[in-house]
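Please look over the sequence and the structure shown here before reading on.

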Amino acid sequence: MEKPNLSYIQSMSKGDKLFEEKLINIIKDEFPNEKKIYYQNYKSNNFKLAAENVHKLKHKISILGLEKSYEIAVAFENNLLEGNTNLGQEFESILISITNYLEKL
């Protein structure tokens, strides 16, 4: 599984360590809640709302520099909008990997 690359956050912060820390804290604070809501919508077969949650999660995936994971999230979001759950297991693996990573920060 792809590992987060914080160079994107570092480039966004332009050397401002406080800004970099705030971006990381936003992800750490928002990611678990958005993930929980995604699971609720996905498990209740409300794929349109689940796709909206994937949309929010994919931005955090992008900020973490996970390019391949971002591409999977984009494809999965589109699949969900069509009522298709292909890539669900791959997206699940991404969420688990990010959760494990964030717990270590």
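This is a predicted model: local features need pLDDT of at least 70, side-chain atom pairs count only at pLDDT 80 or more; totals for chains, interfaces and linings use all residues.

Residues are numbered from 1 along each chain as its sequence is written, and side-chain values use heavy atoms, with hydrogens and water left out.

Helix α5 covers residues 88–104; helices here are DSSP runs of H or I with at least four residues, numbered from the N terminus. The expected span of a helix is 1.5 Å times one less than its number of residues.

The buried residues of α5 are Gly-88, Phe-91, Ile-94, Leu-95, Ser-97, Ile-98, Thr-99 and Leu-102. Buried means under 20% relative accessible area, exposed over 50%, and partly exposed in between, with a 1.4 Å probe and protein chains only. These buried residues pack against α2 (17–43), α3 (47–63) and α4 (67–81). An α-helix has 3.6 residues a turn, so residues three or four places apart point the same way.

Thr-99 of α5 counts as buried because its relative accessibility is 17%. Leaving aside residues up to four places away in sequence, Thr-99 touches Phe-31 and Lys-35, where contact means heavy atoms within 4.5 Å. The Thr-99 side chain makes a polar contact with the side chain of Lys-35 at 2.7 Å, and reaches the backbone oxygen of Leu-95 at 2.8 Å. A polar contact is a pair of N or O atoms within 3.5 Å; within protein, one must be able to donate a hydrogen and the other to accept it, and residues adjacent in sequence count only if both atoms are side-chain atoms.

Phe-31 and Lys-35 are also among the α2 residues that meet α3, whose own contacting residues include Phe-47, Val-54 and Leu-57. The two helices, α2 and α3, pack at an angle of about 155°, with their axes 8 Å apart; axes are lines fitted to C-alpha atoms over the stretch in contact, and angles run from 0 to 180 degrees between N-to-C directions. That makes α2 roughly antiparallel to α3, a label for angles over 145 degrees.

His-55 is found in α3 and is partly exposed, at a relative accessible area of 33%. The side chain of His-55 makes a polar contact with that of Lys-58 at 3.4 Å. His-55 and Glu-77 are 22 residues apart in sequence and 6.6 Å apart in space, C-alpha to C-alpha.

Key:
Angles under 35 degrees count as roughly parallel, over 145 as roughly antiparallel, 65 to 115 as roughly perpendicular and the rest as oblique.
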